[in-house]
Amino acid sequence: KNQRKALDLYNDLLTLREPPMRILFLLSKQFRQMTLAKKMSGEGAAQSEIASRLGVPSFAVRNLLTCARAYSTEELEQAEVDSEEAVKTGRLQDVLSVELLIVKYSTGR
C-alpha cells in the first residue's frame, strides 16, 4: 500500500531490463499466495500447515499474512484476475498493465 515506493521499484526493475511479463507473473503469484494464505488462516490452519500446502518456508507465510491484512479476500481475488486479464486479452501493453495494477492495489486507505 505504498504506491510511490511500488512504482519506484517497478521502474528500477524495468531499468534493469526485467521483462514486464515476468514482473506481472510474480505479482500474480504473490496475490494468489496471499489469497490462499489468508483463506487458510481464516479456516484456522497453522502457519506450518499453510507453508507446507503453499510450498513456501514458514517465514514467507508470516510475510504473506502480514501483507494480506491490508486487503480483503475479495480484493486479493480480484487482483489475481486483474493481474493477467488485460495483457492476455491484448487490451493493454504489458508495461501499462503492470503500472495500472500497481496503482490500483497500492493506493493507501
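Which backbone oxygen lies 2.4 Å from a polar atom of the side chain of Ser 106? It's the one on Ile 102. Before going further, note that this is a predicted model, where local features need pLDDT of at least 70 and side-chain atom pairs count only at pLDDT 80 or more, while totals for chains, interfaces and linings use all residues. Residues are numbered from 1 along each chain as its sequence is written, and side-chain values use heavy atoms, leaving out hydrogens and water.

Back to Ser 106, which sits in helix α6 (residues 94-106); helices here are DSSP runs of H or I, at least four residues long, numbered from the N terminus. Ser 106 is buried, at 5% relative accessible area (buried means under 20%, with a 1.4 Å probe and protein chains only). Setting aside neighbours within four places in sequence, Ser 106 is in contact (heavy atoms within 4.5 Å) with Lys 1, Asn 2, Gln 3 and Ala 6.

Now look at helix α2 (residues 20-42) and helix α4 (residues 58-68): their axes come within 9 Å and cross at roughly 90°. These axes are lines fitted to C-alpha atoms over the stretch in contact, with angles running from 0 to 180 degrees between N-to-C directions. So α2 is roughly perpendicular to α4, a label that covers 65 to 115 degrees. On the α2 side, Gln 30, Gln 33, Met 34, Ala 37, Lys 38 and Ser 41 meet Leu 64, Leu 65, Cys 67 and Ala 68 of α4.

How far to trust this? The protein chain averages a pLDDT of 89, and 94% of the residues score at least 70; pLDDT is the predictor's confidence in each residue, from 0 to 100.

Terms used. Helix = DSSP H or I, 4+ residues; strand = E, 2+ residues; numbered from the N terminus. Parallel < 35°, antiparallel > 145°, perpendicular 65-115°, else oblique. Buried < 20%, exposed > 50% of the residue type's maximum accessible area, 1.4 Å probe, protein only. Polar contact = N/O pair within 3.5 Å; in protein donor to acceptor, adjacent residues only side chain to side chain.
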